[in-house]
Amino acid sequence: MDFLIDPERLELAEAVRDYLAGTHGPEVLRRLDAGPNRDAVIWQGLVEMGLTGLLVPEEHGGLGMALLDAALIARECGRACLAEPLVESAFVMLPWLIAQGRTDDLVAISEGSLRPVPAHRINGSMADGDGALLESVDPLRNLSALPDDASDDPHLLDLGALMASAQLVGLAEAMLDQAVEYSKVREQFGQPIGGFQAIKHKLADVAVALEFARSVVWRAAQALDDGIDSAALHVSHAKIAATDTAWLAAESAIQVHGAMGYTYEVDLHFWMKRAWALGGAWGSRAFHLRRVDEAVIGGSHVIGPENTFA
Amino acid sequence: MDLAYTPAQQAFRMEVREWLAANVPAEPLLTLECEEGYHRHVAWERKLAEGNWGMVTWPEAYGGRGLDLVEWLIFEEEYWGAGAPLRANQNGIFLLGPTIMEFGTDEQKARFLTPMAAGEVIWAQAWSEPGAGSDMAAIKATAVRDGDHYVINGQKTWSSRASFADWGFGMFRTEEGSKRHKGLSFLLFDLDTPGITRRPIRQLHGDPGFAELFFDDVRVPAENLLAGEGEGWKVAMATAGFERGLMLRSPGRFQATARRLVDLFRKHEPEAAPSAREAVAKAWMDTQAYAYNTYAVAAKIMAGGSIGAEASLNKIFWSEMDRAMHRTAMQLLGAAAELRHFADGRMNDWLEGYIFSLSGPIYAGSNEIQRNITAERLLGMPRVGAG
């Protein structure tokens, strides 16, 4: 029993964080918003970091890493508000294909030349698909109509919900950082507004929510990696915790930014809109709450202190 | 990351479970906050010590088992899962004990830790004063060196367990004219020392769970000074860290409450609105999240790390979660919520628990203070206008 994430596993995620911080800042989001919102150069950079092959088994030329590693990187994609469909393609669709024994395209996916994206009925639409375009409030999300042959496989749903949760954690972290930074520089009544307890306590609440959402998401990732029977329950828990945290972060951050937060000029809106999108994707909050309810109150899952890791 | 218990850990769990099954009182004990209930809980402390379960993480030399934090969590899970009583010596084993281990001399460790683990000496805390609550640096009570003694004068209040306990610990101003965090020292004292007057204070539930302490020329031997003279603030901050941090509120207790809440909901399901289910499901989710986080912090400490201001996040989370769970139960109980005992004679432990839960966001540094600490030390927000 060891809940510590090995430092080596965190190193790769930190490298991705640094890379995205250097190459995918707010100016990139604004550029993508103003023109075509996908960029082959950005995608190629992610491929060269090995991220498209992260979950590809080593015998197929990939890094053979686990869903927990992917979740740690998905969090960084959320933090950077990454537009490219790395998470949906390489961390959701690809492990699902592998789980189904469909390994023909793994090399092409690793190399970045092929990027299949998941279509699941729970969503009603899909990101980066080929169908008729639908307009999302998130300007960097390419939504299209769901094809007729979309899957309803529960494992695909769990993978999608887990990776959405991890991104929501990163989105919340980024929004909290932005609100904190703004509170230090914006002055009213002769002092930074971050000195007022009303502002401090609002953002402290976000920090609390984040602290207790992260562990839930990592636990869900490990549950899927371990293939335990209750994994779907833990994924639903993660999706609820991460969604609630990201929405709290978004609403708190816009409030701290005041009228500036209500504009298109402050970058916060990119992260906020992604949080709205991912909060609903891969199963609404109500859907996941029902799964938790059925397991916990319905009695199919054993609860209580002796069963922390059941 | 490895979320499976080793065979040795599972065997330990079974050992704890068996001992508890054979020894936990069949009926809940009378409340710890009244005199008779206090003595029953002290008897339980001694029973625990007989089985060498008094403080499992302490070194064997002081009456512990030298277990690691994962084993401690397993013990706590089984303890609360079995419905075992509250710990009368909580202030000692979770707060003062770790503080003595960090700052005490070998002589102090031998003198204080062993009887603490054995349940022979029950400890009360003496932090707050009438003018020093959240602002603990405003302490006024003095301890003046006189030969090989300190002479204490002043007043402490909200001293948990002090109505009935044996010994107390607290901070006193040893340097005349010193201000704020400077000139404070951490002293341990026998509550029966001449010159100490205890005035029990009735708490919300009506029982004297804490007391006011009046010190009138109380002579305390100088060897009861913990760490150096003037180092009290440093020691107290470490103690407060233990209190807010890992050990005081183990997840097992809250997970047991969540399980009881699920059971209660099932009884009330026919008349309850569907929306009531969410608060119940949330109780499970939040208590699990708290447990995962505690395992994560334990793993971090076992790997050589430490906890700092993150302890404030913890304290905010568990205290508000505990209150929310009991509020949900009270609202499900409806007209029965106000009963001290149900019609069948059972104590309404949801009411007692709700009352107790209201203290959580207040004591050990109010949650407003914790939010300030979170904002300033973890988020780096500016300190403005604070003393």
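Chain A gives 43 residues to its contact with chain B, and chain B gives 51; two residues are in contact if their C-beta atoms, placed from the backbone, lie within 7 Å. Please keep in mind that this is a predicted model, in which local features need pLDDT of at least 70, side-chain atom pairs count only at pLDDT 80 or more, and totals for chains, interfaces and linings use all residues. Residues are numbered from 1 along each chain as its sequence is written, while chains are lettered from A and ligands numbered from 1 in the order in which they are written.

**The side of chain A that touches chain B**

- The elements of chain A that give two or more residues to this side are α7 (154-185), β5 (191-192), α8 (197-226), α9 (231-257) and α11 (285-296). Helices (H or I, at least four residues) and strands (E, at least two) are DSSP runs, numbered from the N terminus.
- α8(A) provides the largest share of this side, with 15 residues.
- By class, the side of chain A that touches chain B has 23 nonpolar, 11 polar and nine charged residues. Here Ala, Val, Leu, Ile, Met, Phe, Trp, Tyr, Cys and Pro count as nonpolar, Asp, Glu, Lys and Arg as charged, and the others, Gly among them, as polar.

**Helix packing in chain A**

- The axes of α9(A) and α10(A) are 9 Å apart, and the two helices pack at an angle of about 155°. Axes are lines fitted to C-alpha atoms, for helices over the stretch in contact, and angles run from 0 to 180 degrees between N-to-C directions.
- α9(A) and α10(A) are therefore roughly antiparallel to each other. Angles under 35 degrees count as roughly parallel, over 145 as roughly antiparallel, 65 to 115 as roughly perpendicular and the rest as oblique.
- The crossing of α9(A) and α10(A) is left-handed, a term used if the near helix is turned anticlockwise from the far one by less than a right angle, with right-handed used if clockwise.
- On the α9(A) side, the contact is made by A:Thr243, A:Ala246, A:Trp247, A:Ala250, A:Ala253, A:Ile254 and A:His257, and on the α10(A) side by A:Leu268, A:Met272, A:Ala275 and A:Gly279.
- The residues of this contact divide into eight nonpolar, three polar and no charged.

**Chain B as a whole**

- Chain B holds 11 helices and eight strands.
- The radius of gyration of chain B is 21 Å, close to the 21 Å that the globule rule gives for 387 residues, so chain B is as compact as a globular protein of that length. The radius of gyration is taken over C-alpha atoms, and the globule rule is 2.2 Å times the number of residues to the power 0.38.
- The C-alpha trace of chain B spans about 70 × 45 × 45 Å along its principal axes.
- Of its 387 residues, 46% count as buried. A residue is buried if 20 or more other C-beta atoms lie within 10 Å of its own, exposed if 12 or fewer, and partly exposed in between, with C-beta atoms placed from the backbone.
- Among contacts in chain B with a separation of 6 or more, 72% come from residues 24 or more positions apart.

**Two partners of α9(B)**

- α8 (residues 276-302) and α9 (residues 310-333) of chain B have axes that come within 10 Å and cross at roughly 150°. That makes α8(B) roughly antiparallel to α9(B).
- Residues of α8(B) in this contact include B:Ala276, B:Val280 and B:Tyr290, and those of α9(B) include B:Phe317, B:Trp318 and B:Met321. The contact of α8(B) with α9(B) has 10 nonpolar, two polar and one charged residues.
- The axes of α7 (residues 251-268) of chain B and α9(B) also come within 10 Å, crossing at roughly 20°. That makes α7(B) roughly parallel to α9(B).
- In α7(B), B:Phe254, B:Leu261 and B:His268 are among the residues that meet α9(B), where B:Trp318, B:Asp322 and B:Leu332 are among those met. The contact of α7(B) with α9(B) divides into 10 nonpolar, three polar and one charged.
- The crossing of α8(B) and α9(B) is left-handed, and the crossing of α7(B) and α9(B) is left-handed.

**Loop residues to look at**

- A:Trp282 lies in the loop between α10 (268-280) and α11 of chain A. Its phi is near 60°, a positive value in a residue other than glycine, and A:Trp282 counts as buried, with 26 C-beta neighbours inside 10 Å.
- B:Asn52, in the loop between α2 (35-50) and α3 (69-81) of chain B, has phi near 60°, a positive value in a residue other than glycine. B:Asn52 is partly exposed, with 15 other C-beta atoms within 10 Å.
- B:Gly206 sits in the loop between β6 (196-201) and β7 (210-221) of chain B and is exposed, with 12 other C-beta atoms within 10 Å.
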